[in-house]
Each structure stands twice: as C-alpha cells, then as structure tokens.
Amino acid sequence: MAPAAATPLPDLWDETHAAGLDEPGLLLYRSNLLGSDLRITNFGGGNTSAQVEAADPLTGVRVKVLWVKGSGGDLGSIKRDGFATLYLDRLETLKSHYRGLAYEDEMVDKLRYCTFDLNPRAASIDTPLHAFVPYAHVDHMHPDAVIAIAAAANSQALTRQIFGDEIGWLPWRRPGFELGLELEHLARENPLLNGVVLGGHGLFTWGHTARDCYHTTLRVINRAAEWLAANGKTPAFGGERTPSLSPQERREAACRLMPAIRSRISSSERKIGHFIDAPEVLAFVNSRELETLAPLGTSCPDHFLRTKIWPLIVPADADDATLDRLVAAYRDDYAAYYQRCRHPDSPAMRDPNAVIYLVPGVGMISFAKDTATARIAAEFYVNAINVMRGASGVDRYVGLAEQEAFNIEYWRLEEAKLQRMPKPRAMQGRVALVTGGAGGIGSAIARRMLAEGACVVIADIDAASCAAMVEALSSVYGKDAVRGVTLDVTREEAVEAAFAEAALAYGGLDIVVSNAGIASAAAIEDTSLALWNRNIDILGTGYFLAARAAFRVMKRQRIGGSIVFIVSKNGLAASPGAAAYCAAKALELHLARCLALEGAPLGIRVNCVNPDAVLRGSKIWQGEWRDQRAQSNKVTADELEDVYRQRSLLKLSVYPEDVAEAAYFLASDAASKSTGNIINVDAGNAVSFTR
C-alpha cells in the first residue's frame, strides 16, 4: 500500500490585509494565523516575536523593543495585549549577569528589569530564545511533523537528510537562557540557516520580515510532513492487534468506564472527563505497538505537562477489581518516579493519578480539573500520537529521558506558574443535569451553577429552546461547559439516554435538578383522566425516572451526589381547582423523602425547593395557566404578579434567580449535611410552613 500523501498547510497570508498593519499588528496577524491550525502548534504552545523600533516613553529616544508572546498565552486567540515588550539592549545586558547553567533560573526574574513601557504582561521563559537570535522575526512552533523528526533516535541525521543546509539541529535542552545562547551561536555561525530543529522539542524559524518568517515556517513544516508521508512505514504502529468496536459499542463502553474511573481518581478533587475515538486515536490504541510506545511517554515538554509522563492502558471490559488494580498500580508507579527523580528542593508530589486512559477497541479518555483542561489534554495526546506515528514510521521513537521529564514537570518556574493560578470555584469539577433547563427557573439554575464552575447539561423537551439556551449560555461560560439534550422525562429510554450522554460528555454526574413541569387547573368533576395522567406522568414519573437514572450513575461513581426537586408551594398547601397538579407535587415531596433515606448510606443527598408564583421567564405562566389563575383571582393577567406579591408575607415577588439560589445551596458543599429537607422560596406563605 502506498503511503498517504500529506495535506499541505495552506498559505493564509493576505497581503491586502497585512498592508494596513504596523509591525506589532503584523506580529499579531502572523501569530493568529499560525495558532489557528493544530498541525502547526498546540493550544497554548509555541511563541512568536518581532523586534520593533519605538520611542522610549520617558526620553523619546528611538529604541529597539522585543515583542514576544507573553507567559501563558495562546497564539490562536492572542490579542495585542497578550505580548510582553522588553528593551532589546537590556536583554543583551543580561548576558553579563549570567552565572552559568546552574543559575539559569534566576535569569527569569531579571526579565522584569527589561520591561518596556511598564507592560504588565509577564515574559515567558522562552524570551531569551527570541531575543538572542539575530533576526527581526522569530517563530517557535510545535508541529507534529517536525517533532516526529526531533523525537527520532537519529534526529540529527534525519534533519540533515530532509532539510539540507537550510535548517540546523540542536540536542535537547530545557528552554531557558542557556538554550537562547546556543541558538544565537548557531544562527550567527551559520548565516544561511532559516531555522533549527530542537531535539525532543520543536522548531525555530526566522526571517527579516513577518511575511518571510510566516512562509518559512509553513514551508519547513510542509516539507517535514511530505517527507514523513513518503517514507513512513505502513501500516502505522505495526498494524492492528485489537479490532475497533462499533461506534455505538464504543460509546457504551466509554459511558460505563468513565464514571467508574472518575470514582477512583476524585478523592482529593472532582475530575471532569473527555472522550475521543477519532481514527488516529483508534489506530494507536488498537495497534500492536501500543504497549511498547505508550510507556515511553511523550517527548515535547508541552505534551507531557498536559498529559503526564505516561498514559494508563485500560481494557474495554475492565471490571471493578481490574480498575482498582490498574489505578492503584499507576499511582504507585508515579510515586516511585517522583522518589527516583526528586531533588532536595522539589515541590511536593502532585496528584498521582493518570490524565490519559487508552482503551483498546474504544478510544481515549482524559480526566482533568475542568472540561477545557481535559479536552486540551486529549488534543495534546493526539499530537503525541502523531509524533510517535511519524518517528516510529521512519526510525525509532525516543521519549524524553525520565529525569529530564521530571525536571520540567517539577520545575520551580512551572510550580510558580501553578501557584499563581486562581483558586478553583466552588463547583469546579462538578457535573449537573437540569431537566426543564431551557425555561426560566431551569436556565437560572444552570447559570448559577455555571457561574461557580460546574459543567451543566441542559435537558428540555423543546429542542429549539434547548439549543438556543445552550448557545446563550455557551457565549458566556464557554462551549466546553454546556451541553444540551432533548428530553421527554416521561420516556424511560429517553431518560436513560440523556444520562448516558451526560456521562459521555463529562465523565459522570454529581448533581441532578428535576425541574421539568407543567401546571393545570380544573374542578375535580372536570378533570379528565388524560389531564390527571399527564400531571402524574411529568411531575411524578418524570421525577422518578430522573432520580433513578441519577442513582444508577452516582452509585457507580461512589462519590455521593445531590438531587434537588423543584416542587411547589402546592406540594404542601392544597389549592381548589387543581387537584391533579397538587397531588403530583405532593408525590414529588414524598418521593424525595424516600430517596433521601435510600441515598444517605451512599452519600447521595435529596432535597426540595418549593417556589410559588414565579411568573417571570416561566413557560408555564405564559399560557392557559396564567389566564386560569387570573380568572380565579378575579384580576387581569397583567395584574396577577402584584396579587401574588401582596399575598405573600414579605410582600415581595419571587424570581427564577431566587429559586436558583436555593437549588444551588442544596447542591453545594454548604448543604453537605442536609438531606430530606425543604426550602420554601415563596416570599412567605403561612399555609406552606412545614412546621
């Protein structure tokens, strides 16, 4: 079989657009173009720079300023304020302060003294690599095709074979001041070079203009990809050992495994999962070389900082005993790695659990503190798979040496970066499913939990409203944090499918808010059996089915959970002309009490919120129910809200956000010692007092 041809990176440079930009603008434009394609560099990886003339803000003298991507930025989304700016002459002066490799880290602190125009953006550890290269424009990328060459056993020879005299080569060295000096020396001694492959790391390219630098970067990456495609062995990874399950079987296996894994790695903090079964992932996890290559770990520092030094291989049919053994063994191996490699001043050992789980026949699962981090970790491991495929296809893949990997992972500068990160929000790592989530109360609950860091699945019978709500919430809280599923809570198979979707999307479930509802009014003699059954089906059976599905997932997770029923004042207080509705609401209350008894030994809490007269944003109050209640109170529909406000003891209206606050409290750790309870959110109503 002939090797597949590589798809070249497109040249996206628009000269008409570029003509209107200043030098920092051209740097930004180039950066965004390069960062838009994961084949060029991964999320948050790589950096770009430009040397720009500017007037000193104090003296007015023209000086050279290095604009370089700041610490922690992402090229694809970076804005102008994401670049650090530093006096180039002061950066040169730092060379006289450099005391050698053993003192390299102290140079990072000295970068602050080179800041131009009081720019608050912190400079990254890669700044010297850009500052000392004698070219105005420099790109540092992490393209899979070039890292495959950098991670090959014969990397230097391959670099020479593929690129000739255009691209140089340097052996692995941790990014920092020393590597910057080595880059400078190589570039000055070899003026015909357009870049360099860094062993085990990535690619540096340069040019005299932003456009030239961009095109050099594309040309070098395309040449590497074309060469690998033309010379790589087929089939990749030695061919298939484990056949893929069908797409549906893969989903079912992931739905079963993810909550089970999550239960075993969430003792210190809840984790969020991500599942991927892309063709390149299946080719690796199903291959004959999986168990040879996976333990070698990744090569590029950006890869293993996101994915940990090794993945964990998990059989698709792993039972509880197997998972217990595998997870415990991984933790032991990681602790042993830490003890072998630690230095006297190393930071304390971090979470010893795996981030990446490879499942032959199924795909890849990743777990992290939040969904974006879990997704990005998976993307990075896909990059690592591409690197292993490329390197092993033309040579022998070589992962970064264990001690070097440790020195990066537990680097003092990396630890400082972790310490600067904001504290986690109260619901970070929690997954919530809200039925009736597209309505006024449901969406308010979703917003409240999203604001505290939870991932939320919006479940609603109205597909259009559900999609619109997911889009609205995603625009505020990010697409990673919100999912939507169309759900009729009266259909058993639909409920089970929705909860499976939540497990597949986020790895499990911590919070379920049953909120789907209707309202009806009719004298008892006018209440049809169909009306009675509709109330019981949605408000009784629907709550039962959601709670049962929640219990099944939460029992598998073994880390407890919280179920909140949104009931009504009418669960406690009867109203004339609404027997079906009031009886169904009373059913919900007593079901919650029963479930609280069953859930307590498992750490599953079940509580209720009883709202009253929440008119604003409610689908229930938009139709016939509002007119019926207005007629019953002998007022117009527009006057109804004031009637309810005046009826309350506190003379206040009740809004969806008020109900959301109560639901959030009951679902949160603040209510961790509360189960079987009711919170009335009705502005005070004596007939619904619980005592």
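This briefing walks through selected strands, helices and side-chain contacts of one protein structure. The model is predicted. Seven strands build an open sheet with parallel pairing. The whole structure holds 35 salt bridges.

**The seven-stranded sheet**

- The strand order in this open sheet is β14-β13-β12-β15-β16-β17-β18.
- Its edge strands are β14, residues 482-486, and β18, residues 678-681. Each of these edge strands pairs on one side only.
- On average, neighbouring strands of this sheet are turned by 15° against each other, direction ignored.
- Strand β12 covers residues 431-435. Three bridges pair β12 with β15 in the parallel sense.
- V434 has its bridge partner in β15, and that partner is V513.

- S520 sits in the loop between β15 (511-514) and α21 (529-557).
- The cut-off for buried is under 20%.
- The S520 side chain makes a polar contact with the side chain of N535, at 2.9 Å.

- Strand β10 spans residues 356-359. I356 and L358 point one way from the strand, while Y357 and V359 point the other way. All four of these residues are buried.
- Strand β9 consists of residues 312-313. Two bridges pair β9 with β10 in the parallel sense.
- I313 has L358 of β10 as its bridge partner.
- Strand β11 covers residues 363-368. Strands β10 and β11 run antiparallel and are joined by four bridges.
- V359 stands opposite G363, a residue of β11.
- β10 and β11 form a hairpin with three residues between the strands. In this hairpin, G361 takes a positive phi near 85°.

- A210 lies in helix α9, which runs over residues 210-231.
- L26 is 184 residues from A210 along the chain. Even so, the C-alpha atoms of A210 and L26 are separated by 6.4 Å.

**Salt bridge between two helices: R264 and D324**

- R264 forms a salt bridge with D324. The closest N and O atoms of the pair are 2.7 Å apart.
- What does this pair tie together? R264 lies in helix α10 (residues 247-265) and D324 lies in helix α14 (residues 320-341), so the pair ties together parts that are 60 residues apart in sequence.
- Are the two partners buried or partly exposed? R264 has 8% relative accessibility, so R264 counts as buried. D324 is partly exposed because its relative accessible area is 37%.

- The side chains of E588 and K585 meet in a salt bridge at 3.2 Å, N to O.
- Both residues lie in helix α22. They are three residues apart, about one turn of the helix.
- E588 counts as buried because its relative accessibility is 0%. K585 also counts as buried, at 5% relative accessibility.

**A salt-bridge network**

- Which residues do salt bridges with shared partners join into one network? They are E92, K95, E184 and R188.
- Within this group, the side chains of E92 and K95 meet in a salt bridge at 2.9 Å, N to O.
- E92 has 34% relative accessibility, so E92 counts as partly exposed.
- K95 has 25% relative accessibility, so K95 counts as partly exposed too.

Notes. Residues are numbered from 1 along each chain as its sequence is written. This is a predicted model: local features need pLDDT of at least 70, side-chain atom pairs count only at pLDDT 80 or more; totals for chains, interfaces and linings use all residues. Side-chain values use heavy atoms; hydrogens and water are left out. A polar contact is a pair of N or O atoms within 3.5 Å; within protein, one must be able to donate a hydrogen and the other to accept it, and residues adjacent in sequence count only if both atoms are side-chain atoms. Two strands pair if DSSP finds at least two bridges between them. Axes are lines fitted to C-alpha atoms, for helices over the stretch in contact, and angles run from 0 to 180 degrees between N-to-C directions. A salt bridge is a side-chain nitrogen of Lys or Arg within 4 Å of a carboxyl oxygen of Asp or Glu. Buried means under 20% relative accessible area, exposed over 50%, partly exposed in between (1.4 Å probe, protein chains only).
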